[in-house]
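User: Can you walk me through this model? I'd like to start with the helices.
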Amino acid sequence: MEKLVIIGGNAAGLTAAARAKRINPRLDITVLEKLPHISYSTCGIPYFLSNIVTQESLISYSPESFEKERGIKVKTMVRVESVVPSRRRVECAHVDTGEKVSYSFDRLLISTGVKPRLPDVPGTSLQNVFTMVNIGDAVRIREPLNAAQNVVIVGGGYVGLELAECFRTLGKAVHVFEKEPQVLSSIDPDMAQIIEYELRRFGVGLSVNAKLLALVGSEGNEGRVTSVKTASGLGVTPADLVLLDTGVEPNKDLTAETDIRIGLAGGIAVNSSMETTVPGVYAAGNCAETWCPIRRRPVLNFIGTVAAKQGRIAGENMAARRSSFLGAIGTTVLKVFELNVARTGLTTKEAAQEQMSVVSARIEAQDRTSYYPGARKLWVKLIVEKSSRKLVGAQAVGYGDASKRIDVAATAITAGMRIDELAQLDLAYSPPYNSLWDAFLVAAQAVMRKL
């Protein structure tokens, strides 16, 4: 009986395990996870902290239920310390006891996710300074968060923006410091301005171009953080709790002292089968690189839906069914108070970095017929490569349905559609749902006038 070992018990790892077992029920599959929980929604953490959902609702399976329903062994609280491909073994230790244990494999999947990238400033080890990568982080922050009044978020990315809303909902005073000239660098500055207005509208303090100098604590305060020092003009900002949203990086520690190659983007290099440079060893999820069909090269892509797709492909190949992962283009959506923010493909800055000559247009429209009650404002921006006239990026921000427009854009980019074709797409219309001319089509026409 062939043995498969999966390192990591969340999106990529469990999807791979389940898919491999379904294809070949005779496989002996073991999942190793260092945390007590598996199969949880990282994306749901802000709603757990906001008391909108319970911790239990974020967990799809317990180790016991997954093993019972899927026939896959799950070992939690087991930390993998090294991978030895030449011996087809992984060396581990039990987190609670330190007891050493090893597992042999015929094929191995590394799905170890990401680890936080901390800023190089004093004070990051103070009490009440947190990062947010997994459900364990959410559990640890909850009690200190309840006692805190002044919360500082360092970084205005996806996590920082979602948690800014979460903390304001809980009645906290929140200030976001972002070192870049705008929040959410995955969209263009003219779209980010709309988000910044929304943050301030709901009482979130915001400083951009704000360089973090130090997290300040007091020895008489049990080593807890008390303030944040920045070069933003505010000097020192009081803080009972600090959330660091300063980026993540692939957790590729287990590749050390192996022949598993790290790619130019910084993640574990894989082929379209999700196999690494060591035969029989696969990688999937946030620790692995992702093929970008627009750039035509691997990139880092820290998105749960992509991790699950990669896991599925890895599982199929580990079960000896030949499948290929076709790539991803960075399609995301998030909620920032009453705003919906969605994007796909390249920004204008990213297109310039790829030496693409592009033209873009941003339009303002309603998400449905203006005379119908509840019509809401929406801004849509499309980015088109001049030479090919193909759509390479899209962004939608507003109080209407942004995700619908971006899903259409993601489909169009994947299909390699030209803007001339996009402008004539047959999209659904009825006054309660849309305008006669969908905002996406209006934006397409605006771009065409510039070409």
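Analyst: First, a term. The bend at a residue is the angle between axes fitted to the seven residues ending there and the seven starting there. Helices (H or I, at least four residues) and strands (E, at least two) are DSSP runs, numbered from the N terminus. This is a predicted model: local features need pLDDT of at least 70, side-chain atom pairs count only at pLDDT 80 or more, and totals for chains, interfaces and linings use all residues. Residues are numbered from 1 along each chain as its sequence is written, and side-chain values use heavy atoms, without hydrogens or water.

User: Where is the kink in helix 4?

Analyst: At Ile141. The kink is about 35° and comes shortly before the proline Pro144. Helix 4 spans residues 135–147.

User: Which residues of helix 4 are buried?

Analyst: Ile141 and Pro144 are among them, and so are Ile135 and Leu145. Buried means under 20% relative accessible area, exposed over 50%, partly exposed in between (1.4 Å probe, protein chains only).

User: What covers them?

Analyst: The cover includes helix 2 (45–49), helix 5 (158–169) and strand 10 (150–154). Contact here means heavy atoms within 4.5 Å.

User: New topic. What is the phi of Leu184?

Analyst: Positive, about 50°, although Leu184 is not a glycine. Most residues other than glycine have a negative phi. Leu184 sits in the loop between strand 11 (173–177) and helix 6 (189–201).

User: Is Leu184 buried or exposed?

Analyst: Buried, with a relative accessible area of 3%.

User: And where is Phe337?

Analyst: In the loop between strand 21 (332–336) and strand 22 (339–345). Phe337 has a positive phi of about 55°. Phe337 is buried, at 8% relative accessibility.
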